[in-house]
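Work through the exercises below with the structure in view. Each task is followed by its solution.

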Amino acid sequence: MTKQNTGERAYTLERDLQDFIASCRKREHPESFLITVLHKVQARCGYLSNEHMQEVAELLGVPASTVSGVATFYHFFRLKPQGKYMINFCLGTACYVRGAPLVVDAFREVLGIEVGETTKDCLFSLEATRCLGVCGLAPVAMINEEVYGKLTPTAIPGIIDTIRRREEA
Amino acid sequence: MDEEVERVGKILERYTTVQNETKERLAKLANERCIEIQIGDATCENAAGSQVARNEFEKLIEASGRKDIVIKKTGCTGRCSAEPIVGVLQRGRMPFKYQSVTAEKVRRIFTEHILGGQPVIDFLLDKKTKNKYRHQIAFFKNGAYTGQDVFDAAGRAASRLANAGVQKEEVKIGVSINPGLFIAHESLQYYMIIFPEEKARNTGSTSDADVTRYGVTKPADLDRIIDSHLLKGEAQPDLFAAADPLFDRYLKMYADIEFFNRQTRFTLRNSGIIDPENIDEYIFYDGFAAAARVLDGMSPQEVVEAVKKSGLRGRGGAGFLTGLKWEFAQKAATPKRFIICNADEGDPGAFMDRSTLEGDPFSIVEGMIIGAYATGASQGYCYIRAEYPLAIKRVEKAIEMARAQGFLGKNILGSDFSFDLEIRLGAGAFVCGEETALMHSIEGRRGQPRTRPPFPAASGLWGCPTTINNVETWANVPVIFLNGPEWFARLGSEKSKGTKVFALAGKVINTGLVEVPMGTTLREVIFDIGGGIPGGKVFKAVQTGGPSGGCIPESLIDTEVDYDSLAAIGSIMGSGGMIVVDEDSCMVDVAKYFLEFTMSESCGKCTPCREGTLRMYEILERITRGEARDGDIERLERLANLIKKTALCGLGQTAPNPVLSTLQHFRNEYELHVHSRRCPAKVCKKLIQYEVNPEKCIGCSACARACPTRCISGKPKTVHTIDAAKCIHCGECFTTCKFDAIRKN
């Protein structure tokens, strides 16, 4: 049941996002902007809800099945809400041979969650990412946009603690 | 016809005007500046803490009130393990480069060196540079020169100076053996740079005199330069050599650092030198000159011929001849055409493309302008993976600046050629590095590959002829046209021309980016440049080519690296990732690691890859858990060969390579796992037997309390024992013991 955008529908996406999608729609091959649009929506909302995807489909004029097909294909898109701090530990080879598995164990222990989960206070999510290309400083993890290099299991409690304290302050 | 003649030269003229204006602008700025503090600004540099250093310098400069001390941004030099790197640049003097700079180091560098004129020796990069030198000389040996009488110029210069009574401590000599960078000086044996003599005590002021450049063809020339120029202060104009920007600046920056001076930098020629967010600096070093030359005087056919003649092969991994690829697109029937830069650098352990995108985005733009002109494309796309936020920002900025200066858009540099570039983002799918999958992704679809033919050159984006090359390939294109295809083809091995950037990582002392001529041996890269294995450990293997590549054992370390030689020993060049593995790594575990990667990155379209990699992974899992069945190794081998032959795309076809190559070179390790249930590297947890070392155990009982199965017994203050029958190999006792009393066997 795809509704046409008649201007009556109230969208939850913010106005500027709607305008951006509308501008994409006017260009040649509008469907080619789908991934770009999903990136923008996720950057704003933290994840892609069913509602967001439905709205993107309507505004960009592509089938909702295509949107969900693309959103589920690419690892980068998240379909569930995430913690405020997204911990992405690198799964690259250099990190692996330099002891990344032990670092991951330390994260799991300190946060009390498994990979793919979010802490109860919604502060941290723990995820694996593909190689971050910072192999020279392996093992590394990216917390939101910030990259932490030369990690050791013993350094993890301090890093988490610093963020927690910053949040409490 | 006359009109044609008139047009030729116009574009170059216009470029020259732009370049001269840029040079004037930069020269004016340089005159206002006394000291430039060059700080690395790239993902790796920032992770190492370069922003902290930058903030500290900013504070100190402001407090000092000095307007002639400025901070300059640059990309990554490729010397990862020593980051953040800070360069202190003063005209007429070899730059000082500091390593692992912290806020505390910044304070000392600022007061002692920048204000006080005394470099802080303890913090210098590789501690190769000493404090005060009266004479600073840098030699560049011409590798292309094969005459009989090649002499050791550096040694000769040193001993001649010593004989004249100059103390060894007063002379600094940098020697670079890059074979490739001789452009204007083919007939020379040595190109030599002499910095002005440091006479008075260094007060931190800028010396107006710049360096003197000499060309040396015989020992007598050198003797004369030493005796007259260095000792008497009389220049020898008849031996002067012209400045060559491409290697002059490189020599000045890096001649004194071993890690750099064995490299030949084509792709990385600007990385770590220019400010990647300032197009002026790119233009200063002849940026866009190649594009101007091409647009001015060459037909698209001539451009394709030149690229073919250069022998450039795709740096993304497969090594297809770039010129040939361009020719296919050029001869296609459809008039609408596209070009793409594949910046979806997905191989774990490869980061040279990130470094180029972040450190020198303009060279990619320029390469694409030339490629678009040759193949008749009017629109280009740069497909960058979303994991590289800084690279995306830099390329975006570079495109904008190039457009503002008339290098992109309608009628480039006043020619009748129009071309524009757009960025498209990946979203975390390894398979999108495969060209057909990548094009699907640009079209906004799921990134799944399709069968070829048709190849993209015939039918690519939206069915139009499309030329796809990766970042490193595009970055090499301007070099070919700056210096000529013959010059480019002179460097490298018989079938692989030019240089290749390797991302050296893993168990090696100097991790970072290394660009060397094709045909350099693995040993030179890992031991001479990489500095060998840290901690006195033993080299075991090097993994090249990422998840599509293989592991190369110690016995083959003298292999010359190029596309064909690596393929011959069961690996591939790939994008250039080089992960060094030492005795602490288990090769079965490494193979399993890669298979887990390809298994989870399989797009699911074809059965051999989707199901086959999963089954292979299951077998490896059994082997590493000590549950292997008879015939598992053979089963693994058979499956691997089957997938190789039947998978749809390159990802699937090469997925078994890590397993096949480790089976080929480390079969005994597999056999030990299967038949003796032993992991010689003591990595596979389930195969490790733990026991108590009675000499070290003090009987604190910490291990017994930590053991989840309560299989450790012993009275307090007596030696404990582990019941092997009940042990689940979790390793808790090993990590808990503070006295190293638990041994792995």
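**Exercise 1.** Find which residues B:Ile340 touches, leaving out residues up to four places away in sequence.

Solution. Contact is taken as heavy atoms within 4.5 Å. The partners of B:Ile340 include B:Met368, B:Tyr381, B:Leu438, B:Ile442, B:Thr466 and B:Trp474. B:Ile340 itself sits in strand 9 of chain B, residues 338-343; strands are DSSP runs of E, at least two residues, and helices are runs of H or I, at least four, numbered from the N terminus.

The model is predicted, with local features needing pLDDT of at least 70 and side-chain atom pairs pLDDT 80 or more, while totals for chains, interfaces and linings use all residues. Residues are numbered from 1 along each chain, chains are lettered from A, and side-chain values use heavy atoms, without hydrogens and water.

**Exercise 2.** Decide whether B:Ile340 is buried or exposed.

Solution. Buried means under 20% relative accessible area and exposed over 50%, with partly exposed in between (1.4 Å probe, protein chains only). B:Ile340 has 0% relative accessibility, so this residue counts as buried.

**Exercise 3.** Describe how chain B meets chain A.

Solution. Start with the contacts: 55 residues of chain B meet 38 residues of chain A. Next, take the salt bridges (a side-chain nitrogen of Lys or Arg within 4 Å of a carboxyl oxygen of Asp or Glu). The rule finds two across this interface. A:Arg27 pairs with B:Glu422 in a salt bridge, their closest N and O atoms 2.6 Å apart. Last, look at the elements: helix 22 of chain B gives the largest share of the side touching chain A, five residues.
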